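Hi everyone, thanks for coming. Let me put the structure up on the screen, and then we'll walk around it together.

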Amino acid sequence: MTTRLNFPNRLGVLLLGLIISLGSPLVAQSQQIEPVDEIVAVVNDDIIVRSELDDEIRKIVTQLRQQGQRLPPQSDIERQVLGRLILKKLQLEAASRAGINVSEDIVAQAINNIARRNNLNLSEFRQTLEESGLSFRSFRKNIKEEITLQRLLEQEVRRRIRVTDQEVETYLARQASNLGDRSAYHLQHILIATPEAASPDQLERARQQAESIVQSLREGADFADMAITKSDGRQALEGGDLGWRPADQLPTIFVDLVINMERGEISDPIRTASGFHIIKLQDYKGGDRKIVTQSHVRHILISTNEITSNEDARTRLEQLRLRILGGDDFSALARSHSDDKSSAIKGGDLGWITPGALLPRFEEEIAKLSPGELTQPFRTEFGWHLAQLLERRQHDSTTEVQKAEARKAISDRKAAEESELYLRRLRDEAFIDIRISDS
């Protein structure tokens, strides 16, 4: 971890901590000093206070109890939660530097989608949150931050990922010969992290720690407990549970290993640039023939901005819908009006769409249609859409579809690996001063 000095700002943060801790000398002695939050960590030019940490700990403890998970020592939960808060602060700071700004419209749309997936309207969803002890304001803030973090990784990591045709061919050949009949895996994971430029001594200490953990696990230690107390992975507080992963979406470092593992087996430590990984194969499923229902769709998109409001976009699409119902050509109107330039030149045609390829709201609207029908105007994070279902088909994955899925799987793998390294780099390059004891 590198200490970077930005003296005026850093001094300001440290002085703020001193004033908060001791009370300002400028306050008259006769004035009663109100109790204030303890600073538990300084993260570059920001701080984390005790109430912020305690709020997050309460949420995690509630989740662990609901899952029936045995609670680890308070100090372990505190360490893991503080690590998450530090990483979030660093990512939000990086997003701000990159000019990433999530509008209130996007946040509102995301919340409406969550409510809809739970079969609730917004008022019912708000009430459910409050009955669960969560304020709607806090939930909204968390959603905005999560979207911001997603966009940061999209901009800084995923957009830079490139997949070659040779990688796709190699992947498909390997999948056919190596993955056999196992189509999905349920894994647990522990990471003993190392810095990006780790010294030989640091690597050796991490290796010894990983080997000690493997020995304890093979002697009967609970994997979830060990993950919560020892792992540096992002799923540590979930007991290291990675959930079910399709075989073609496993991280590259695990592929060669899990195909030869049996249920309950613990791997030896696996060395990568981010540290030493330990995995447990909880379960796997056999492969089935993949038949999907594809939809042939076209759409017109009206983006919203400073000039075009939500109401303007919706009204324009309502007018276009009436024209199409009156006999005007959809393709011609899409070429003239759609803000989705890549599909507009094709008359709005998105081609044959496999489930999961479009935004959930878009797929929900298309699912309501019979061939030839139009949606009402609807909104997503990209703007307002008017869509038409042309036809549906049952489709056995062809070579082209398999290649597209392979390309996406490789891209997802690379993005996951690069994201871990990017986040590790953010932390290594930051000024972090933790004010609570490790004991």
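Which strands does helix H3 lie across? Helix H3, residues 74-97, lies across E1, E2 and E11, and runs at about 35° to E1. A word on names: helices (H or I, at least four residues) and strands (E, at least two) are DSSP runs, numbered from the N terminus. For angles, axes are lines fitted to C-alpha atoms, for helices over the stretch in contact, and the values run from 0 to 180 degrees between N-to-C directions.

Before going on, please keep in mind that this is a predicted model: local features need pLDDT of at least 70, side-chain atom pairs count only at pLDDT 80 or more, and totals for chains, interfaces and linings use all residues. Residues are numbered from 1 along each chain as its sequence is written, and side-chain values use heavy atoms, with hydrogens and water left out.

Now the sheet under discussion. Three strands make an open sheet, ordered E2-E1-E11, with antiparallel pairing. Its edge strands are E2 (46-49) and E11 (432-434), each of which pairs on one side only. On average, neighbouring strands here are turned by 15° against each other, direction ignored. Helix H2, residues 50-66, also packs on this sheet, where it touches E1 and E2 (contact means heavy atoms within 4.5 Å). The direction of H2 makes about 60° with that of E2.

Let's look at one pairing. Strand E1, residues 39-43, is joined to E11 by three bridges; two strands count as paired if DSSP finds at least two bridges between them. Val43 stands opposite Ile432 in E11.

Next, please find strand E6, residues 275-286. Eleven bridges tie E6 to strand E3, residues 182-193, and the two run antiparallel. Tyr185 stands opposite Tyr284 in E6. E6 also pairs with strand E5, residues 270-272, in the antiparallel sense over three bridges. There, Ile270 has His277 as its bridge partner, and a hairpin of two residues joins E5 to E6.

Last stop: how many cavities of 30 Å³ or more does a search of the whole structure find? The search finds one. A cavity here is a set of points, on a 1 Å grid over the protein atoms alone, where a 1.4 Å probe fits but cannot get out; lining residues have an atom within 4 Å of a point. Ile60, Gln63, Leu64, Gln67, Leu237 and Glu238 line the largest cavity.

Thanks, and I'm happy to take questions!

Technical notes:
1 Å grid on protein atoms, 1.4 Å probe; cavity = no way out; pocket = protein on both sides within 12 Å on 5 of 7 lines; lining within 4 Å. Points joined across faces, edges and corners; volume = space filled by probe spheres on them.
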